[in-house]
Amino acid sequence: MAKLVECVPNFSEGNNKEVIDALAQAISRTPGCVLLDVDAGASTNRTVYTFVGTPEAVVEGALSAARVAGQLIDMSRHKGEHPRMGALDVCPFVPVMNVSMEECITCAHVFGQRLAAELGVPVYLYGEAAREESRKALPTIRAGEYEALPEKLAKPEWAPDFGPPTFVSRWGATVTGARTFLIAYNINLLCTKELAHRIALNIREQGRGTDQPGRLKKVQGIGWYLEEENIAQVSTNLLDFETTPLHAVYEEVCRDAKALNLPVVGSQLVGLVPRKALLDAAEFYMKKENLFILEEEQKIRLVVSRLGLDSLAPFHPRERIIEYLVQAGEAGDGGLVAKPLGAFVRAVGGRSTAPGGGSVSAAAGALGAALGCMVGLMSYGKRQFEALDPIMRNLIPTFHQAMDELVVMVDADSRAFSSYMEALKLPKTTPEEQERRTAAMQEGLKTAVRVPCALAEKVSGLWPALEELARHCNLACKSDIQVGAKMLEAAVFGAYFNVMINLKDITDEEFKLAMSQKVSGLLEEAKQGSALVLVLLEKRVA
């Protein structure tokens, strides 16, 4: 799969549509770049662009936009609520898919060096790309903003990483770097700018200084006023949403607002957001309110409602969640699972080694889990089965999650075997080439073993839930759960056969023994689990 880097340049123009559009066109016209989002703010006088591409392509896209900014933006006239120091204020590179942080650091270094050389402007490195610990934090570099640059650039300790230590009035200075995914998130308040900032100081990690730190780790914050909306905002950057999640920021702001008798009127995501950040928030509110929701679409709808993400503008998940946009922008047909059933069956029946038994086994497992989910739902939410609701609420998510994960394995198995077939095509003329080819073949075979073994492990986790379902489910669905049990058992049989046929050509004896023992144990467990489910169902009928 292609390497994918996200680039999020922030330009100091949020009102002039011609400039905003010109910058967008410069990015979208760059080969290999896909522009995902343009988020302009009038009060902040700032536009955040989000685009993805290969490491090389995103550097070119950022440079193309910077060249246009150099012609159209004049920082000497700039005013706005958001802290800033340059026409292209900050330009981070973020790993998205099959890319390491080191590669993004390289992107930042190459971009910074070329930007300084082409435009003759000072460029600083921050985040993971920083060369000095004191320059890791963006607010530290940007302290004093554009207006402080003439004095700042004269100090040796603030010499830029690239470019001249001279003040360029039209441009200012640019900060570039590499970081993990940052979420720009604002909470709306009906109050003054000063009260919003007071709350921001309470929650942001920096707090009011070293002697008065804030409550939330990895969170930056400031209070400002949006004239165009006639509201104040606590504007935050979540530097690591795994450390401090989206809902935690919202709840903490609400807590402080309540203490000050201030109304919170929704919130706003600026730019794109990772899918997991919203699903984590959904899990929080589902647990807090004892809600039962299965579908991802409905979970996201819950979060939009609870956080008021549509308070200032409609929130369209397909346009705001980065994984959805990447999927939509990817070339190709979306893999085997995107095919209609008939096309998938014909693909299996074609004159090709993949898709084969491994993909069919994964499909069988997914269907078995789906039947478990269906039987659970048919035993839930009806008055005659009301006593079963707590049991089914516990069981159904297990099957639903396994169904989704097993579907992914349909393509994963096909790709795993393809990696081995690609290794076979490598050159083998010289001893070095032969050694590389052999190593690639062995790794390809190990991957072709690990995927079906993971399938068998995933099914293994379903037997206790399936047995519990057999004890309590709506007996009108008896045949469905019987078929589900045999489909799951067949999936493990298929996984076993795929593991064993690929193990025979692997030279790592320790790996062979471990995987053989593991998959044999999982097969035996599947036989016993399936048999027990059938027995439990027959006993209930009797």
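**Close-up views of a predicted model**

**View 1. Leu-189 stands opposite Ala-232 in strand 10.** Strands here are DSSP runs of E, at least two residues long, and helices are runs of H or I of at least four, each numbered from the N terminus. Strand 8 (residues 183-189) and strand 10 (residues 231-238) run antiparallel, joined by seven bridges. Two strands count as paired if DSSP finds at least two bridges between them. This is a predicted model, with residues numbered from 1 along each chain as its sequence is written. Local features need pLDDT of at least 70, side-chain atom pairs count only at pLDDT 80 or more, totals for chains, interfaces and linings use all residues, and side-chain values use heavy atoms, leaving out hydrogens and water.

**View 2. Leu-23 sits in the largest nonpolar core.** Such a core joins buried (under 20% relative accessible area, 1.4 Å probe, protein chains only) Ala, Val, Leu, Ile, Met, Phe, Trp, Tyr and Cys residues through side-chain atoms within 4.5 Å. Of its 55 residues, Leu-23, Phe-93 and Phe-111 touch the most other members. Helix 2 (residues 55-72) gives the most, with nine residues. Beyond four places in sequence, Leu-23 is in contact (heavy atoms within 4.5 Å) with residues including Phe-11, Tyr-49 and Ile-73.

How values were computed. Buried means under 20% relative accessible area, exposed over 50%, partly exposed in between (1.4 Å probe, protein chains only).
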